[in-house]
Amino acid sequence: QVQLVESGGGLVQAGGSLRLSCAASGRDFSDRAMGWFRQAPGKEREFVGSISAVAINTYTVDSVKGRFTISRDNAKNTVYLQMNSLKPEDSAVYYCARGRYALGSLQASSYDYWGQGTQVTVSS
């Protein structure tokens, strides 16, 4: 069984920081890319970023580039999303996902397991 559990969400004022964690069970964590997505009420699910299996490559979308950083600790089967300089438009439920392959992808279909999500709310 593969299970992903996100944590670290909460309420923060604009300009503040949060660190999200995603703890993964299963055998293949270190061999897979991991991705972060988010979904705000009434909006489509949005890709945020990804990290390759061995953490050689990371990618974040332009709207969060320079503010969000993805990292992973394979010894702990955990991936992180460090979010700095948060804006109200960052408010969403954030999901982590396990990739099907070693390299990340923008497409949701490239991920085979998903966490339940953690709420991030940024007040102005």
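## Loops, core and ring contacts

Residue A14 belongs to the loop that joins strand 2 (10-13) to strand 3. Strands (E, at least two residues) and helices (H or I, at least four) are DSSP runs, numbered from the N terminus. The structure is a predicted model, in which local features need pLDDT of at least 70 and side-chain atom pairs count only at pLDDT 80 or more, while totals for chains, interfaces and linings use all residues. Residues are numbered from 1 along each chain as its sequence is written, and side-chain values use heavy atoms, with hydrogens and water left out.

When neighbours within four places in sequence are left aside, A14 is in contact (heavy atoms within 4.5 Å) with L86, P88, V122, S123 and S124. A14 and K43, by contrast, are 21 Å apart in space, C-alpha to C-alpha, and 29 residues apart in sequence.

P88 is located in the loop between strand 8 (78-83) and strand 9 (92-99). With neighbours within four places again set aside, the residues in contact with P88 are A14, V122, S123 and S124. Between P88 and R45 there are 43 residues in sequence and 17 Å in space, C-alpha to C-alpha.

**Accessibility**

The table gives the relative accessible area of several residues discussed in this report. Buried means under 20%, exposed over 50%, and partly exposed in between (1.4 Å probe, protein chains only).

| Residue | Relative accessible area | Class |
|---|---|---|
| A14 | 42% | partly exposed |
| P88 | 35% | partly exposed |
| D90 | 2% | buried |
| R32 | 15% | buried |
| F47 | 9% | buried |
| Y59 | 38% | partly exposed |
| Y111 | 3% | buried |
| W114 | 27% | partly exposed |

The side chain of D90 makes a polar contact with the side chain of R67, at 2.8 Å. A polar contact is a pair of N or O atoms within 3.5 Å; within protein, one must be able to donate a hydrogen and the other to accept it, and residues adjacent in sequence count only if both atoms are side-chain atoms. Beyond neighbours within four places in sequence, D90 is in contact with R38, V64, R67, F68, S85, V120 and V122.

R32 lies in the loop between strand 3 and strand 4. From there, the side chain of R32 reaches the backbone oxygen of G99 at 3.0 Å. Neighbours within four places aside, the contacts of R32 include S52, A53, R72, R98, G99 and D112.

**The nonpolar core**

A nonpolar core is a set of buried Ala, Val, Leu, Ile, Met, Phe, Trp, Tyr and Cys residues joined through side-chain atoms within 4.5 Å. The largest such core has 29 residues, and those that touch the most other members are W36, F68, V79, L81, M83 and Y94. Two or more residues come from each of strand 3 (18-24), strand 4 (34-39), strand 5 (46-51), strand 7 (68-73), strand 8, strand 9 and strand 11 (118-123). With neighbours within four places left aside, V79 is in contact with residues including L20, C22, F29, W36 and R72.

**The disulfide**

A disulfide is a covalent bond between the sulfur atoms of two cysteines. By the rule that the sulfur atoms lie within 2.5 Å, the structure has one disulfide. C22 and C96 form this link, with sulfur atoms 1.9 Å apart. It connects distant parts of the chain, since C22 is in strand 3 and C96 in strand 9, 74 residues apart. The link of C22 and C96 is right-handed, with 55° about the S-S bond, and both cysteines are buried.

**Aromatic rings**

Rings of Phe, Tyr and Trp (its six-membered ring) pair if their centres lie within 6.5 Å; planes under 30 degrees apart count as stacked, over 60 as edge-to-face and the rest as tilted. The structure holds five aromatic pairs. One of them, F47 and Y59, is stacked, at 6.1 Å centre to centre and 15° between the planes. This pair joins distant parts of the chain: F47 is in strand 5 and Y59 in strand 6 (residues 58-60), 12 residues apart. Y111 and W114 form an edge-to-face pair, with 6.2 Å centre to centre and 65° between the planes. Ring pairs link F37, F47, Y59, Y111 and W114 into a cluster.

Charges also sit over rings, which requires NZ of Lys or CZ of Arg within 6 Å of the ring centre and within 35 degrees of the ring normal. R45 lies over the face of W114, 4.7 Å from the ring centre. The charged end of R72 sits over the ring of F29, at 4.4 Å from its centre.
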